[in-house]
Amino acid sequence: MKFETKCIQSGYTPKNGESRVVPIVQSTTYKYETSDEMGKLFDLEAEGFFYTRLANPTLDAVEKKIADLEGGVGAMLTSSGQAATTAAVVNICKAGDHVICSSAVYGGTFNLFSKTLKDLGIDCTFVPAMVTEEELNNAFRENTKLVFTEAVTNPSLDVADIEMFAKCAHAHNVPLFVDNTFPTPVNFRPFEWGADIVVHSTSKYMDGHAVALGGVIVDSGNFDWNNGKYPMLSQPDETYHGVVYTERFGKAAFITKARTHIMRDMGQQQSPMNAFLLNIGLETLFLRVPRHCENALAVAKFLEANDKIEWVNFPGLESSKYYDLAQKYMPNGTCGVVSFGVKGGRQAAEKLMAELKLAAIVTHVADARTCCLHPASATHRQMTDEQLVAAGISPNMIRFSVGIENVEDIIADLKQAIDKV
Ligand SMILES: *Cc1c(COP(=O)(O)O)cnc(C)c1O
C-alpha cells in the first residue's frame with residue numbers, strides 16, 4: 001500500500017459483520033476459558049490480550065498503523081510524548097549509564113535528561129544541535145547507551161543531520177533515537193536514514209486537532225542488541241522465567257521488552273479513547289501536513305519581508321542555515337511551525353501576541369488551528385539564559401504554529417498585530 005492508503009487502512013481489517021471503524025475497546029480485562037491459557041500469556045508463550053495496561057485491541061490497531069507509517073517492526077503507544085521518551089530510554093538504560101542528547105530538544109525532554117534521569121543515575125552529555133562529527137564522536141564514553149535527537153527541534157527548528165548522527169552512534173555500537181514529532185512520517189522517515197528507534201508526541205500533528213494527549217515508540221528492528229552492551233535484551237530476564245528477548249522476539253526485541261517489562265512495571269498506557277481519537281487524526285495526516293507546510297512557508301516569507309521583524313527562522317526559507325539539510329532530508333517540507341523575533345525584544349513580542357485575534361496564545365503546537373507561544377516565558381521559563389542560548393531560544397522569540405486555515409487570513413491577522421507594535 002502507498003503511504004496515503006496506509007494512513008487510512010493499516011492496522012485494522014474487520015472480519016465479516018464486524019465494526020468497520022476501529023472499535024473503542026473500553027475494557028481493562030479479557031476473558032479466558034482456562035487458567036492454563038492465561039498462564040501462557042503471562043509467560044509470553046502465546047499472544048493475546050489479558051490486561052489493558054499491557055495491550056488493548058484499540059491501541060493494537062493504531063500501533064500497527066504507526067509502525068507501518070514509519071516502516072518499523074512494531075510500536076507501543078504511551079500516555080504522552082514524555083512517557084514515550086522516558087520508556088524508550090529506561091528500556092535500555094539504568095543507573096551508571098550515559099546518554100548523548102542534542103541540547104536543542106523540546107523543553108520537557110531537556111528537563112527529563114538534565115534533571116530527572118540524571119537524579120536516577122543516568123548521566124547525559126548535551127551536544128549542540130549543529131554538532132560536528134568530531135564533537136559528537138568525542139562525547140561518547142565507555143558506558144554510553146544511546147544518542148537522542150529531534151529530527152526538527154521544538155521550538156528552535158534545528159534540522160538534525162540524521163545520517164551523521166546514525167553513523168557516529170553505530171561506530172560506537174549504540175542506537176540512534178529520533179523524536180520525529182515535528183516532521184511526522186509524512187515528511188520524514190528516520191529509519192530510512194539509519195535511525196534505530198523513533199518516538200513521537202502524538203499530541204501534535206498525528207492527533208492534529210489538539211484533542212488527545214499521547215505518545216508512541218517505534219522500533220526499526222535494525223539494531224543489533226547482541227553486541228555485549230545490552231544484557232537487558234540479550235541475557236535472560238528472570239521476571240519472565242529467563243526469556244531472552246533477542247532470541248525469542250528477534251527484530252522486535254526492543255519493542256517487546258518496552259511493553260512486557262517497562263509498561264508492565266511503570267504503566268504509562270494510552271487510554272483506548274485517546275487511541276481512537278488519534279486514529280481519526282492519522283487518517284488525514286497526509287492531507288493536513290502538506291497544507292501546514294505550505295501555509296508556514298507563506299507566513300515565513302511574509303514575516304521575512306516585514307521591517308518590524310528582526311529575524312525569521314524556518315528551515316524552508318533559503319536564508320535558513322538549515323535550508324540544505326532540510327532539502328536533503330525533507331524535500332516536501334519540514335513542519336508548520338515558524339519562529340521569529342520582533343524588533344523591540346521581549347516586550348514587543350508580548351505586545352504582538354496580545355494583539356493577535358485569529359492566532360491564539362496556547363501551550364500547544366502543531367494542530368489545525370493557528371496558535372502561538374512565547375517560549376521564554378512559558379515552556380522554557382525554568383532555563384537559565386545560558387541554557388536558553390544553547391537551546392536556540394531568544395527572549396523575543398515567538399513560536400508560531402501555522403494552522404490549516406486559509407493562509408490569507410493568517411497573514412492578515414499577523415499584519416494587523418505587527419502594525420500595532
Ligand atoms: C510536545 C513534544 C513532546 C512531549 O509530548 P507530550 O505529548 O506533550 O508529552 C516531545 N517532543 C516534542 C518534539 C514535542 O513537540
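User: What is the length of helix α12, and what span would be expected at 1.5 Å a residue?
Analyst: Helix α12, residues 272-283, has twelve residues, and from its first C-alpha to its last it reaches 17 Å, which is close to the 16 Å expected at 1.5 Å a residue. Please keep in mind that this is a predicted model.

User: Which residues of α12 are buried, and what do they pack against?
Analyst: The buried residues of α12 are Pro272, Ala275, Phe276, Leu278, Asn279, Gly281 and Leu282, and their packing partners are α1 (3-9), α3 (57-70), β1 (74-78) and α13.

User: Since α1 came up, where is Thr5, and is it buried or partly exposed?
Analyst: Thr5 is found in helix α1, and because its relative accessible area is 34%, Thr5 counts as partly exposed. In space, the C-alpha of Thr5 is 10.0 Å from that of Leu69, although the two residues are 64 apart in sequence.

User: How confident is the prediction, and where is confidence lowest?
Analyst: The mean pLDDT of the chain is 96, with 100% of its residues reaching 70 or more. Confidence is lowest in helix α16 (residues 385-390), at a mean of 77, whereas strand β7 (residues 215-219) has the highest, at 99.

User: Changing topic, which residues of α17 are buried?
Analyst: In α17 the buried residues are Val407, Ile410, Ile411, Asp413, Leu414, Ala417 and Ile418. They cover an arc of only 155° around the axis, so they sit on the same side of α17.

User: What caps the N-terminal end of α17, and how far does the helix reach?
Analyst: The cap is Asn406, which has a side-chain oxygen 2.9 Å from the backbone nitrogen of Glu408. The helix itself, residues 407-419, has 13 residues and reaches 18 Å from first C-alpha to last, close to the 18 Å expected.

User: Now α11: how many of its residues are buried, and where is its kink centred?
Analyst: Eleven of the 14 residues of α11 are buried, so to speak a mostly covered helix; among them are Phe254, Lys257, Arg259, Ile262, Met263 and Arg264. The kink, of about 25°, is centred on Arg259, which is itself one of the buried residues.

User: What span should α11 have, and what follows the helix?
Analyst: At 1.5 Å a residue, the 14 residues of α11 (253-266) should span 20 Å, and the end C-alpha atoms are 18 Å apart, which agrees. The helix is followed by Gly267, whose phi is positive, near 65°.

User: Back to threonines: where does Thr109 lie, and what does Thr109 touch?
Analyst: Thr109 lies in helix α5, residues 107-119, and counts as buried because its relative accessibility is 1%. Leaving aside residues up to four places away in sequence, Thr109 touches Gln82, Thr85, Phe148 and Glu150, and a polar contact of 3.5 Å joins its side chain to that of Gln82.

User: And where does Thr132 lie?
Analyst: Thr132 lies in the loop between β3 (123-127) and α6 (133-138), and at 41% relative accessibility it counts as partly exposed. Its C-alpha is separated by 9.5 Å from that of Asp161, which is 29 residues apart from Thr132 along the chain.

Notes. Residues numbered from 1 in each chain as written. Predicted model: local features only at pLDDT ≥ 70, side-chain atom pairs only at ≥ 80, totals over all residues. Heavy atoms only, no water. Helix = DSSP H or I, 4+ residues; strand = E, 2+ residues; numbered from the N terminus. Expected span 1.5 Å × (residues − 1). Buried < 20%, exposed > 50% of the residue type's maximum accessible area, 1.4 Å probe, protein only. Arc of directions from axis to C-beta. Polar contact = N/O pair within 3.5 Å; in protein donor to acceptor, adjacent residues only side chain to side chain. Bend = angle between axes of the 7 residues up to and from the residue. pLDDT = per-residue confidence, 0-100. Contact = heavy atoms within 4.5 Å.
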